[in-house]
2 protein chains.
Amino acid sequence: MKIVTLKQIAEELNLSITTVSKALKGYPDVSKKTKQRVLDLAENLRYIPNSFAVSLRMKQSKTIGVIVPANVHHFFSNVIKGILKEAEKKDYLVILLHSNENFELEKKQVDLLISKGVDGILISLSNKTHNFEHLKKIIDHNIPLILFDKIAKIVNCSKVIINDKKAAYEAVVYLIKKGHKRIAHFRGDLNPQNSIDRFLGYKQALLDYNIEFDPSLVYVCDNNSDFEDGYNNAKKLLKDHGKNIDAIFTITDVIAMGIIKYFNTHNIKIPEDIALFGFSNWFMSSVINPSLSTVEQHGYEMGEKSAHLLFHEIECKQQNIVVKPQIITLPTELVIRESS
Amino acid sequence: MKIVTLKQIAEELNLSITTVSKALKGYPDVSKKTKQRVLDLAENLRYIPNSFAVSLRMKQSKTIGVIVPANVHHFFSNVIKGILKEAEKKDYLVILLHSNENFELEKKQVDLLISKGVDGILISLSNKTHNFEHLKKIIDHNIPLILFDKIAKIVNCSKVIINDKKAAYEAVVYLIKKGHKRIAHFRGDLNPQNSIDRFLGYKQALLDYNIEFDPSLVYVCDNNSDFEDGYNNAKKLLKDHGKNIDAIFTITDVIAMGIIKYFNTHNIKIPEDIALFGFSNWFMSSVINPSLSTVEQHGYEMGEKSAHLLFHEIECKQQNIVVKPQIITLPTELVIRESS
């Protein structure tokens, strides 16, 4: 079967293309009877409006694009749920793309979204994104853009974030107040703002409590598989420092899971030998043995707020209202469990 | 900045639109020098080809669409990784949509993919999908379609699956041979083929080993949150049957995680009091305490094979070669751990 065109419908019903088009769009100057005939045939032939033409005509595609760096993180699953919920309310469809922490792919995906005529774009940047021309391109095309979670400070658009430095600071201060001094940090990649900020929070806490910063206690997890990274770096940490470590603060819960697996199978007791503090409050963190202390990050709310803000900016654009970029910072909380 | 058109480039360089268009497409009848001038300006102005026009002209969009029912399952994460890897090899972009186990949304997403002119579509059906007109529409539009994992037997297209009945049968036979007789089954929704087939495998194993099938031992997990479903039904099971249960076979590992959480906090010993067998071999299944016996499902290979088959069918279509739908069945294996 070929794609059904307006022309075919018009010929079959002996009507003009204009009348068929108006009937499908529900224009009042077409009789009820004609409308019904057109709609019935369109349904029978399974006519699908050409979305490109529709979007040109309506100046909107009722579609937004979302790019996230990873799909295995429960955090992003929650963010996406929040976005989908908001989109459903507004009757928008969501094109979801995974950059897989690949900068080149992220750039291609931005071009795809622009060329598909989406009404707005939400992005959480890949760990490897080191320049932002592709984001400027979106802004130059006058397409509303919101960055969330993994952002670039210098890009002039709205952002939805948490205070990563503060959240990390609070977690490490908690460990210090429990009497821990030799605190390792399993950090993320060197590029991303949230990885930098959590590291800075860790460092600041040590400074404020007169604990000397020891760079040999910082392990970079950048192999794109948090669980394996946690497992392998736990092994390395024990090799490097023996048991001369009190605690570990990790940039994600999944990294902490890798550590737990290694420690549980190598007779290291958590928290008696080494305490553990994660980040993101993944649902498995309360199930694992020992259960994991962590930072609650509210992914669902981040998705909801990001999409809400995007739809607001899309509506403003449609009404030619100029919006000033805003930054929404969501709260975080410490969740204390057995591991600390 | 407005969207840059061919016309603007042509005017700026004092060339015809045809020449500019030919230059961008690399036609041999445009001089090297002119080509370079056009390409340079196109890059400067950040010209993006209109993908709709490109796809009309090339009869391909170099884009495929993928619809999966859920995004929190590690199984689908692995499938998607396999798909993305294959797509990257072929230089295809992937539009990924989550139906969120919602049939209406799945139908809309199919229309979106058809209207966006994708070259092929991969779908794993939602739990609520109960008719298949939308899939027939794809086939009628002559767009290659592959169903994977959650399929509809009656739809005439290629499929990539596992033998769910056999895999479930083997797991339950394993439990029976360990001496368990009162074996409960936490099954999935009533609609999906894989949920039906795993249930049938469970039933067949009981039958073959002369254990009477007791419907009161079957619990349906259909609340769209496997973990909560497992937790709540574990509670219900103990209320209904006390400790008169030897083992539980669950349709997913995440449901088993919910059971483990409930049992660990209510003093039920696994496997001494009740043994546990999951399905899918999620990476957390080896980390949890007790570690979970399960069925290895090879999600990455399923994604890879599905995408590979789709690209094969797309290429055949471009060469006007008619393909006969095929069914690829991937192997599964039992993974035995502490829980059984």
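Predicted model: local features only at pLDDT ≥ 70, side-chain atom pairs only at ≥ 80, totals over all residues.
Just after helix α9 of chain B, B:Asn210 takes a positive phi of about 55°.

Helix α9 of chain B covers residues 193-208, and its 16 residues reach 22 Å from the first C-alpha to the last, close to the 22 Å expected at 1.5 Å a residue. The buried residues of α9(B) are B:Asn194, B:Ser195, B:Arg198, B:Phe199, B:Gly201, B:Tyr202, B:Ala205 and B:Leu206. Because these buried residues fall within an arc of 150° when α9(B) is seen down its axis, they line one face of the helix. That face packs against α8 (164-177), β6 (183-187) and β8 (247-250) of chain B, whereas B:Leu207 and B:Asp208 are exposed on the other side of α9(B).

Helix α12 of chain B, residues 299-318, should span 28 Å at 1.5 Å a residue, and its end C-alpha atoms are 29 Å apart, which agrees. Among the buried residues of α12(B) are B:Gly299, B:Met302, B:Glu304, B:Lys305, B:Leu309, B:Phe311, B:Glu313 and B:Ile314. The elements that cover the buried residues of α12(B) include β1 (63-68), α5, β3 (120-123), β4 (145-148), β5 (158-162) and β11 (327-330) of chain B. After α12(B) comes B:Asn320, whose phi is positive, near 55°.

| Helix | Residues | Number of residues | Expected span | Span between end C-alpha atoms |
|---|---|---|---|---|
| α9(B) | 193-208 | 16 residues | 22 Å | 22 Å |

**A buried strand residue**

Strand β8 of chain B, one of the elements against which the buried residues of α9(B) pack, contains B:Thr250. B:Thr250 is buried, with 32 other C-beta atoms within 10 Å. Leaving aside neighbours within four places in sequence, B:Thr250 is in contact with B:Phe186, B:Gly230, B:Ile255, B:Ala256, B:Ile259, B:Gly278 and B:Phe279. The C-alpha atom of B:Thr250 is separated by 40 Å from that of B:Lys62, the two residues being 188 residues apart along the chain.

**Domains of chain A**

The domain assignment divides chain A into domain 1 (6-49), domain 2 (59-162 + 299-332) and domain 3 (164-296). The centres of domain 2 and domain 3 of chain A, taken over C-alpha atoms, are separated by 30 Å. Where these two domains meet, 15 residues of domain 2 of chain A are in contact with 14 residues of domain 3 of chain A, and the side contributed by domain 2 of chain A has five nonpolar, five polar and five charged residues.

**The contact between the chains**

Chain A and chain B each bring 40 residues to their contact. On chain B, at least two residues each are supplied by α4 (51-58), α5 (74-89), β2 (93-98), α6 (103-115), α7 (133-140) and α11 (253-265), and the largest share, six residues, comes from α6(B). By class, the side of chain B that touches chain A has 21 nonpolar, twelve polar and seven charged residues.

Definitions and conventions: Residues numbered from 1 in each chain as written. Chains lettered and ligands numbered in written order. Contact = placed C-beta atoms within 7 Å. Helix = DSSP H or I, 4+ residues; strand = E, 2+ residues; numbered from the N terminus. Nonpolar A, V, L, I, M, F, W, Y, C, P; charged D, E, K, R; others polar. Domains from an automatic or database assignment. Expected span 1.5 Å × (residues − 1). Buried ≥ 20, exposed ≤ 12 C-beta atoms within 10 Å, placed from the backbone. Arc of directions from axis to C-beta.
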